[in-house]
2 protein chains.
Amino acid sequence: MVILIDVESDSDPRLRINTDEGYMLKVETKNNQVIIKVSGLSFCGARHGFETLSQLILLDQSTGYLIMLSSAIIKDAPTYKYRGLMVDTGRNYIPVVDLLRTVDAMSTCKLNTFHWRISDATSFPMSLSKIPELEEYGPYDRSMVYTKKDIRMIVNRAGIRGIRVLIEIAAPGPVGRPFSWLSSTTCSRKNNSLTCDNDLCRRLTMHDSTFDVLQKIYSEILEMTNVDDVFHLSDSVFSMTNCYYLFDDREGFLDKALFRLKMANKGFLPQLPIIWYTSHLMKHFEAKTWERLGVQIDEWDANPYESYLNKFRVIHSTKWDLSCEMRKQRCIRYRTWQQMYLWKSWRNVNVFTTEGGESILWTDLVDSSNLDYHLWPRAAVVAERLWSDVVANGSANKYVYMRLDTHRWRMMQRGIQVQPIWPPWCSFSPSSCLERVH
Amino acid sequence: MVILIDVESDSDPRLRINTDEGYMLKVETKNNQVIIKVSGLSFCGARHGFETLSQLILLDQSTGYLIMLSSAIIKDAPTYKYRGLMVDTGRNYIPVVDLLRTVDAMSTCKLNTFHWRISDATSFPMSLSKIPELEEYGPYDRSMVYTKKDIRMIVNRAGIRGIRVLIEIAAPGPVGRPFSWLSSTTCSRKNNSLTCDNDLCRRLTMHDSTFDVLQKIYSEILEMTNVDDVFHLSDSVFSMTNCYYLFDDREGFLDKALFRLKMANKGFLPQLPIIWYTSHLMKHFEAKTWERLGVQIDEWDANPYESYLNKFRVIHSTKWDLSCEMRKQRCIRYRTWQQMYLWKSWRNVNVFTTEGGESILWTDLVDSSNLDYHLWPRAAVVAERLWSDVVANGSANKYVYMRLDTHRWRMMQRGIQVQPIWPPWCSFSPSSCLERVH
């Protein structure tokens, strides 16, 4: 077997916002010699070609031989540019080894963005040389910190798999105890001793000293991830404790944060700064200033401000939330992979561009013990939707079940704990099940 | 530290139906020497004492020392005799290493019965020397078989942890393809070539040749498990495909099965033969013949035949089903640990005796990848209910949360993947969460 690799033009091995991820895979057999050509316009494209090639080679258990097609031509490219997976490590600490495995798993599905929501009001588990206070006040425990070395290891692992790492820190709030050392923080309700009634509700105020700190953080993130064309600025208002916010308190956050991001990035604003969708954004002046901003949409209910979205470059996450729906801090239910596969209404939203989508995991009740359970196969199902969103994939038909079942075994062989697609007797006898899955 | 062990009277190390599992644990400190006395009336009781002792010793992370109480007296005994966990390995094959880990996990909760529902209509993954056909027709795959050596290993592992292994084979049906070689099987609907329309619906008929086979199976189970006072006879009608059954076809099953069980057990009927609750049992003659039989109750809906139950020795499982509620072969939802902890109505059922209870797991969508996720912490929560079912444990109050959270960490340290009891910031600051868990 001979493998020829041809990366045609793009000299930057990183995934950039305009990287062409398409590839071509050609298999020929001449004189009993299998010749495989993997070509792409970029490193990332060629890598995807190898991923597909690995799926064409099977072990024939009866003979012990590896078998593959003697002849094939595959031309393939993703439908959407941004194909993400978000893992929250602020509500719960997820060990580095689990994040590395998650990056491996992502690469089997050709996902290209690991959105690492690293902090939350509950913890800030990142060690930053310019702001040592955060390591002191931030983590749940001294052992629950990501060092620069940890982060670089994850960034490198991701990079050679065609995956960019976006690190998001929750701001302007709630930011909680990790920022309690900073004078420019406040809470809506204080008790008699003038400290926060509930430290989980502490948030950043719009003073310059807040943005001095944020600029330092942005600068270290840019340096560690080596991603300077896409940046997740957060601007979120997720709250675990129903803290009461005066939205006016946030006025100007986006302006100032974008300015500081530009400063941190040597004077250049990243091409695609992303923020979370908030009704706040839609209602106020910021929407006017910042057209063509990236907006990530994650709302359980229908969105009443859709008409504003046509100014933005959108990343869809609404029905791709992998977390449990929680009530009284209990997991009530979560979406099935079929529901995620069949979600279609996002295509009808009127946006400037659909950059792509992302499945997201909040870790209130998730840690190392059940991370894979929550991620897989559902994030793989969303990945297929984002890579090849064609009409033929409209329903979860028998080909979808059988294809995912096969992909599950591939992922299991790489050490990922993927939940069953369907009962095992269905894998052994698909026809007896297929009539009953709908 | 000196540990003195005293097993007072019971010379049989096995867990028997009348084994006294109580223990006493006494800790004294004399002249800087810690003296620990563990005493019980049986091996199993003393073992439980050691389990509790292990919970009294903590590592002080700041000093690196092990610490424990200098003085304590604990007298403890279970409320219910039968404290079980059922795992189904017929719908999905669960590797031996996972079953061994499950037995380890059970021992941390002082559960005493591993109810191994080994076969189902979908597969019969057990190798039996007297019936080689079952190994040929039974397993999903040649590699998915429990050998005698595997079973003995699990039985031994369980035995030294005070746990009996009850192996149940699904009978009289559905028994599916694994029994298709046996002439005394049938199905309700046959196709034109006189074979079963759906092999999953194949069931045993009440011919003698059926019971010849069952007697051989019972005999091998008795020999492998070394448990001859309790036996699970199945008599189940769980069906995955809505097969249509003529209940009259089953008439006489229980009589004949009990007779054959007695024959297989050298002429002695086990003291507690157990069958699953079926409306069939309650309505027909068998209820009159077999008073004081063990009946395991597992129904999602309220039970309309409760008045018959006062003849039986009952094992409760109704709301302790750990499986997903499935619809169209998808997991729709499952019970939370709080729901399982709070289930109380079983105490109001009028029965001859309550032998105990059992949490049960059907593995339609469970395999090695997500076994622990389904079992823990919920089976541990049921275990607490069965060991110390006192009024003080009526609600899931703050002591329950904190106790289970501590127990979770103990189990994690032994390599069990236990889901979080609540969000991690609650463990670090219980008071901020406790007001909101109800």
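Start by selecting A:P78: apart from its neighbours within four places in sequence, this proline is in contact with A:E21, A:G22, A:R83 and A:W387. Keep in mind as you go that you are looking at a predicted model. A:P78 sits in the loop that runs between β6 (72-76) and β7 (82-88) of chain A.

**Colour chain A by domain**

Next, give each domain of chain A its own colour: domain 1 covers 2-76, domain 2 covers 82-388 and domain 3 covers 398-435. The centres of domain 2 of chain A and domain 3 of chain A, taken over C-alpha atoms, are separated by 32 Å. Where they meet, 16 residues of domain 2 of chain A are in contact with 13 residues of domain 3 of chain A. About 1,400 Å² is buried between domain 2 of chain A and domain 3 of chain A, and carbon and sulfur atoms give 64% of that area.

How many salt bridges are there between domain 2 of chain A and domain 3 of chain A? The count is 1. To see a salt bridge, show the side chains of A:E384 and A:R403, whose closest N and O atoms are 2.4 Å apart. Between domain 2 of chain A and domain 3 of chain A there are also 8 residue pairs in polar contact, with both residues at pLDDT 80 or more.

Stay on the domain 2 side and select α2 (96-108), α9 (337-342), α10 (371-375) and α11 (378-387) of chain A, the elements that give two or more residues to the side touching domain 3 of chain A. Of these, α2(A) gives the most, with 4 residues. Colour that side of domain 2 by residue class and you will find 10 nonpolar, 3 polar and 3 charged residues.

**Bring in chain B**

Show both chains now. Two copies of a chain are related by a rotation about an axis and a shift along it. For this pair, a rotation of 180° with 0.0 Å of shift along its axis superposes chain A on chain B, with an RMSD of 0.0 Å. That is the relation of a two-fold axis.

Which surface does each copy use? The copies meet through the same surface, since 100% of the interface residues of chain A are also interface residues in chain B. The contact takes 45 residues from chain A and 45 residues from chain B. Together, chain A and chain B bury about 3,800 Å², with 58% of it on carbon and sulfur atoms.

One to display is B:D367 with A:R408, where the closest N and O atoms are 2.7 Å apart. The interface of chain A and chain B also has 8 residue pairs in polar contact, both residues being at pLDDT 80 or more. On the side of chain A that touches chain B, highlight β17 (330-333), α10, α12 (398-413) and α13 (424-428), the elements of chain A that give two or more residues. The residues of that side divide into 23 nonpolar, 14 polar and 8 charged.

Over all chains, the count comes to 52 salt bridges. For one more, zoom in on A:R260 and A:D212, where the closest N and O atoms are 2.9 Å apart. A:R260 lies in helix α6 (residues 253-264) of chain A and A:D212 in helix α5 (residues 208-225) of chain A, so the pair ties together parts that are 48 residues apart in sequence.

**Backbone stops**

Most residues other than glycine have a negative phi, and most peptide bonds are trans. Check these exceptions:

- A:W376 to A:P377: this peptide bond is cis, with omega near 10°, and A:P377 lies in the loop between α10 and α11 of chain A.
- B:A171 and B:P172: a cis peptide bond joins them, with omega about 5°. B:P172 is in the loop between β9 (164-168) and β10 (185-186) of chain B.
- A:S234: although not a glycine, this residue has a positive phi of about 70°, and strand β12 (residues 230-234) of chain A is where to find it.

Technical notes. Residues are numbered from 1 along each chain as its sequence is written. Chains are lettered from A and ligands numbered from 1 in the order in which they are written. Side-chain values use heavy atoms; hydrogens and water are left out. Domain bounds come from an automatic or database domain assignment. Contact means heavy atoms within 4.5 Å. Buried area is the accessible area (1.4 Å probe) that two parts lose on being put together, summed over both. A salt bridge is a side-chain nitrogen of Lys or Arg within 4 Å of a carboxyl oxygen of Asp or Glu. A polar contact is a pair of N or O atoms within 3.5 Å; within protein, one must be able to donate a hydrogen and the other to accept it, and residues adjacent in sequence count only if both atoms are side-chain atoms. Ala, Val, Leu, Ile, Met, Phe, Trp, Tyr, Cys and Pro count as nonpolar, Asp, Glu, Lys and Arg as charged, and the others, Gly among them, as polar. Copies are superposed by least squares on the C-alpha atoms of residues with pLDDT of at least 70 in both.
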